[in-house]
Amino acid sequence: MTTEPLHVQNEADVTTNPRALARARKRRSLARFWREYRTHRGGLWGLAGLILIALIAVFAPTLAGADSQSVTAAPGGALESPSGEFPLGTDQFGRSVLALLVWGARVSLTVGLLAAFLCVAIGTVVGIVAGHFHGWYSTVLMRVTDWFLVMPTLVLAIALATVMDRSIWTIIIAIGVTTWPTTARLVRAQTLAVESRPYIERARALGGGHGHIMARHVLPNVMPLVLAQTTLVISSAILTEATLAFLGLGDPTITSWGGMLQDAREAGAVSAGDWWYLAPPGVAIALVALSFTLCGRAIESVLNPRLGVAR
C-alpha cells in the first residue's frame with residue numbers, strides 16, 4: 001500500500017476545494033503585501049507609532065488610573081510645572097496632564113476611526129452606484145457630491161455640531177457626513193475603470209445583475225483604494241475632532257486632546273506661558289495624524305507602485 005506525502009495531499013485538497021484555494025490566495029496576497037510594506041521605512045515608523053498609541057488607549061485605566069479625570073479628587077495644585085510627581089505638570093484643576101493625555105487618546109482614536117468608517121462607507125456606496133449606473137442616477141448623485149465638495153467641510157461640521165446634542169456621536173456624525181465627497185469621487189473613477197474591463201461584459205452576458213456586478217466584481221477591485229483612503233481620512237477626522245473640541249463644540253464630559261487645548265486656552269495658559277498644558281495635546285495630535293499619513297502613503301505605494309512614493 002502506497003501513500004502520498006502529506007504536502008502533496010494538502011496541495012491536492014487545496015486545488016479541489018474552492019474555499020481552501022481562496023484562503024490560500026488570500027494568505028499569499030497578505031504575505032506579499034507585508035513584504036512590500038516592510039520596504040517602506042516611513043510606513044513602518046507610522047505603524048509602530050499607531051500600535052504604541054493604540055496600546056496606550058486600550059490600557060488607559062491601568063496606566064493613568066480610573067480617577068485621574070476627577071476634578072474633586074485632583075492630586076496636585078493648579079497649573080503646577082513639570083516635576084517628578086507630574087512629568088507634564090497639572091491643569092487648572094490640579095489633574096495630571098500626562099494622565100489626561102493618556103485618556104484623551106481613547107476619545108481621539110475612537111472618533112477618528114468611527115468617523116472615517118462612516119465617511120468611507122458613504123463615499124464608497126455613492127461612488128460605486130454613481131459609476132455603475134448611468135443617466136440621471138449618476139447625474140443626481142454627482143451633483144449632490146459636488147455640492148458637498150465645494151462647501152467648507154469645517155463650516156458644515158460646525159453647523160451640524162451646533163444644532164445637535166453635544167456628544168461624541170454628534171462629532172462622529174458631523175465629521176462623517178461632511179467629508180465623504182472626496183472618497184466618492186475617487187471610488188467613482190475607479191469604478192468606471194473597472195467596469196470597462198472585459199470580464200464585466202462577460203458577467204453581464206452570463207446574466208449577472210447590478211447587485212452581483214457591484215458586490216462581486218466592482219467592490220473587491222476598489223477596496224485597495226478604499227483602504228488607502230481610509231488611513232488618510234482617519235488623520236483628517238482626528239484633526240477635525242480636535243478643531244471642533246477646541247471651538248467648544250465637543251462633549252464637555254469626556255477628555256479629548258482637542259478638549260484639553262480648549263481647557264488650556266480658557267485657563268489662560270497661552271498668556272501665562274504654561275507650555276506644559278498646551279504642547280502635549282498638540283504634539284499628540286500631530287504625531288497621530290503623521291502616523292496615519294505615513295501608513296496611508298506606504299499602503300498607496302504598495303497597492304499602486306506607479307505612484308513612486310519614496311521609501
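**Helix α12 and its neighbours**

Modeller: Let's start with α12, whose buried residues pack against α3 (41–58), α5 (97–132), α11, α13 (269–272) and α14 (275–303). Keep in mind that this is a predicted model.

Biologist: What makes α12 mostly covered?

Modeller: Seven of its ten residues are buried. They are Trp257, Gly258, Gly259, Met260, Leu261, Gln262 and Ala264.

Biologist: Why is α11 called roughly parallel to α12?

Modeller: Helix α11 (residues 210–246) and helix α12 (residues 257–266) pack at an angle of about 30°, and their axes are 7 Å apart. Angles under 35 degrees count as roughly parallel, so α11 gets that label against α12. The crossing of these two is right-handed.

Biologist: Which residues make that contact?

Modeller: From α11 you have Ala242, Ala245 and Phe246, and from α12 there are Gly258, Gly259, Leu261, Gln262 and Arg265. By class, this contact of α11 with α12 has four nonpolar, three polar and one charged.

Biologist: And α14? What makes α12 roughly antiparallel to it?

Modeller: The axes of α12 and α14 cross at roughly 155° and come within 9 Å. Anything over 145 degrees counts as roughly antiparallel, so that is the word for α12 and α14. Here the crossing is left-handed.

Biologist: Now α3 and α5. Why are they called roughly perpendicular?

Modeller: They pack at an angle of about 110°, with axes 8 Å apart. The range for roughly perpendicular is 65 to 115 degrees, so α3 against α5 falls inside it. Ile53, Ala54, Ile56, Ala57 and Val58 in α3 meet Val102, Ala105, Arg106 and Leu109 in α5. The contact of α3 with α5 has eight nonpolar, no polar and one charged residues.

Biologist: Which residues touch the most other members of the largest nonpolar core?

Modeller: Leu109, Trp257, Val288 and Phe292 do, out of 45 residues in that core. The elements giving two or more residues to it are α3, α5, α9 (181–195), α10 (198–205), α11, α12 and α14. As background, nonpolar side chains tend to be buried together in soluble globular proteins.

Biologist: What does Val288 touch?

Modeller: Leaving out residues up to four places away in sequence, Val288 touches Leu50, Ile53, Leu109, Ile238 and Trp257.

Biologist: One more, Thr231 in helix α11. How do you know whether Thr231 is buried or exposed?

Modeller: Its relative accessible area is 11%. Buried means under 20%, so Thr231 counts as buried. Not counting residues up to four places away in sequence, Thr231 touches Phe292, Cys295, Gly296 and Ile299.

Note on methods:
Residues numbered from 1 in each chain as written. Predicted model: local features only at pLDDT ≥ 70, side-chain atom pairs only at ≥ 80, totals over all residues. Heavy atoms only, no water. Axes fitted to C-alpha atoms, helices over the stretch in contact; angles between N-to-C directions. Helix = DSSP H or I, 4+ residues; strand = E, 2+ residues; numbered from the N terminus. Left-handed = near helix turned anticlockwise from the far one by under 90°. Contact = heavy atoms within 4.5 Å. Nonpolar A, V, L, I, M, F, W, Y, C, P; charged D, E, K, R; others polar. Buried < 20%, exposed > 50% of the residue type's maximum accessible area, 1.4 Å probe, protein only. Core = buried A, V, L, I, M, F, W, Y, C linked by side-chain atoms within 4.5 Å.
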